[in-house]
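Visitor: I would like to learn how to read the features of a model like this one. Please take them one at a time, with the general idea before the case.

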Amino acid sequence: MTYRWTLRPVERPEAVDQLRHALNDLPAALARALVLRGIHTLDEARLFFRGTRADLHDPFLMQDMDVAAKRVAHAVTQGQRVFVYGDYDTDGTTSTALMTSFLERLGAEVTYYIPDRIEEGYGLGRPGLDAAHAWGADLVIALDCGITAHDEATYARSLGLDLIICDHHTALETVPDALAVLDPKRPDCPYPFDELCGCGVGYKLACATLQALGRDLAEADPLLDLVAMATAGDIVPLRGENRILLRAGLDRIRTAPRMGLRRLAEQARVDLGRLTTSRIVFGLSPRINAAGRMGDAKRAVALLLADDPTQAQHLATTLETANQERRSVNTQIRREALREAERYLSTGRLSVVLHNPAWHPGIVGIVASRVVETFYRPTILLCTVNGVVKGSARSVHGLNVYDALTDCADLIDEFGGHDYAAGLSLQEDRLPEFKRQFDEAVRRRFTADLFHPTLDIDAELDLREVDGPRGRFWAILRQFEPTGPENPAPLFQASDLMVMAPPRLLKDEHLKFSVRPRLGDTPFDVIAFGLGDKLPIVQQSHRTGLPLELAFHVDENTYRGVTSLQLQAKDIRLQPTGDGAA
């Protein structure tokens, strides 16, 4: 894939110098990266680098929190039955485990419920509420779902169930008629931070309940590992409270992981002592999600609640098996989808809409993302479930797929989502017209550079400023963690780089080589994952002495007990010579 490199603009260039001086002559590239993340003052930098739970907002600032906390506290003190209703993804299952374990520790009688992904679908539904009523529940707490469940909230009330909704998805103009609706995104909620995941909202309810009971807030500390798992796994913006909660949760997992996470990490070959956001996203979260994609999501909740080593080992092995099955199915569907997408786009369409009745409903969203990565086009993959066509949409930067689907609403039974991801269902006889209308909706939003992916560079970096794994540059850069949406790992650009030796191609797809600045002496190893097609460029640079330009992250690498810094290349190109030729 060919990228455009764009140096992210800074609105006030003088802010970079001001921040540099405020932070004791901070390297300019790091100061620029901070300003791009909204950090302009010493106090803002302290909160970014050193924010603690003391900097979290009062949970009672959230609309309806006082009602919710008092009601949960009443259920605990009066020995009432509490029914925890969750969802089948990482955020939903960790939310369910968080609230269940919290209430159990308080001595409440509690059970949990996760809807079947295929039979029931997403969200608060009547089958679950019927199960709560049959169990004799007094209170239902819905987590990571419910904000648009108006009919279901009315139904719960008709059954005599008190309902508390803890959600983080976008609300409609009105909220369901529940006892309490906790969602920072509801229009009338004054809570200062509206990007918590569902598990984060559940954590806030737990903290408020402890206060309502007059108990120590430290009793909520064991829940932070689950909040971290959800915050990373649900890909929410990593700023404000999310950074604080994720950092605290990562620290807890590294030092005192719960039994289920230990066993899951062993299966994934993830070192919990060095756990990072990316290792959750790519190592642990897929295994938790696999429980719901390939069967019963309650297995993931049971693992997160497990105290017995034997039970935890069994459940972790079960999730590993489910994940292997998910990978196998994913590989098959991906192969078919990529082949069909190429043919589909050859007809002149700007989007991809593919339907195969046999594709697995738990996998099509993952594969849609892979199609987008390959062809960089808005993509919808659909399968058939109980006679209804259902699937997932994914988009490219700059094209709001939810808005595009809104243009086709007359053809769709149900849809929901956000800018870059959505789910939908429709009748099969409407598919041809839907494909046409969706492509027209994309075409109306088309711009010349929309389908030309961009690398957003934080700063140009002189590698002579990078002073090794024990130097100040790396000591500061590593504190940008945890990184993720709205706080990506800083991406730098370096020029005038000389290739030190012939590059090596690893596993036919990765590059390994070393460079040094033209005017410097210190070499840097470069690893370029998935950039094997750039081998001729690096070979030409080494052979002719033409300098390279790299877009890269700075990372730490330990090999045979020796730790060094390496450059993780995102793109490689020959440096322009100034005469119009490379």
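Visitor: Which strands form a hairpin with two residues between them?

Guide: Strands of a sheet pair through backbone hydrogen bonds, either parallel or antiparallel. Here β8 and β9 form the hairpin, and Asn 386 in its turn has a positive phi of about 50 degrees. Helices (H or I, at least four residues) and strands (E, at least two) are DSSP runs, numbered from the N terminus. Two strands count as paired if DSSP finds at least two bridges between them.

Guide: A word on the basis: this is a predicted model, in which local features need pLDDT of at least 70 and side-chain atom pairs count only at pLDDT 80 or more, while totals for chains, interfaces and linings use all residues. Residues are numbered from 1 along each chain as its sequence is written, and side-chain values use heavy atoms, with hydrogens and water left out.

Visitor: Over how many bridges do β8 and β9 pair?

Guide: Strand β8 (residues 379–385) and strand β9 (residues 388–394) pair over seven bridges, in the antiparallel sense. Val 385 has Val 388 of β9 as its bridge partner, and Leu 381 stands opposite Ser 392 in β9.

Visitor: What is the strand order of the sheet with mixed pairing?

Guide: That open sheet has five strands in the order β7-β8-β9-β11-β10. Its edge strands, β7 (352–355) and β10 (414–417), each pair on one side only. Neighbouring strands of this sheet are turned by 15 degrees against each other on average, direction ignored. Inside the order, β9 also pairs with strand β11 (residues 421–426), antiparallel and over six bridges. One of the contacts to β11 is that of Val 389, whose bridge partner is Leu 426.

Visitor: What is the strand order of the sheet with parallel pairing?

Guide: Five strands form that open sheet, in the order β3-β2-β4-β5-β6. β3 (109–113) and β6 (180–182) stand at the edges with a single partner strand each, so one side of each is left without a neighbour in the sheet. The twist from one strand to the next averages 15 degrees. Strand β5 (residues 162–166) pairs with β6 in the parallel sense over three bridges, and Cys 166 has Leu 182 in β6 as its bridge partner.

Visitor: How do I read helix packing, and at what angle do α6 and α7 pack?

Guide: Two packed helices are described by the angle between their axes and the distance between the axes. Axes are lines fitted to C-alpha atoms, for helices over the stretch in contact, and angles run from 0 to 180 degrees between N-to-C directions. Helix α6 (residues 126–135) and helix α7 (residues 150–158) pack at about 20 degrees, with their axes 10 Å apart. That makes α6 roughly parallel to α7; angles under 35 degrees count as roughly parallel, over 145 as roughly antiparallel, 65 to 115 as roughly perpendicular and the rest as oblique. The crossing of α6 and α7 is right-handed. A crossing is left-handed if the near helix is turned anticlockwise from the far one by less than a right angle, and right-handed if clockwise.

Visitor: At what angle do α8 and α9 cross?

Guide: Helix α8 (residues 198–212) and helix α9 (residues 224–233) cross at roughly 155 degrees, and their axes come within 8 Å. This makes α8 roughly antiparallel to α9. The crossing of α8 and α9 is left-handed.

Visitor: And at what angle do α1 and α2 cross?

Guide: For helix α1 (residues 14–22) and helix α2 (residues 28–36) the angle is roughly 115 degrees, and the axes come within 9 Å. That makes α1 roughly perpendicular to α2, and the crossing of α1 and α2 is right-handed.

Visitor: Which residue in the loop between α1 and α2 deserves a look at its backbone?

Guide: Most residues other than glycine have a negative phi, and most peptide bonds are trans. Asn 24 is found in that loop, and Asn 24 has a positive phi of about 60 degrees although it is not a glycine.

Visitor: Which peptide bond is cis?

Guide: The bond from Glu 481 to Pro 482 is cis, with omega near 0 degrees. Pro 482 lies in the loop between α18 (472–477) and β14 (492–499).
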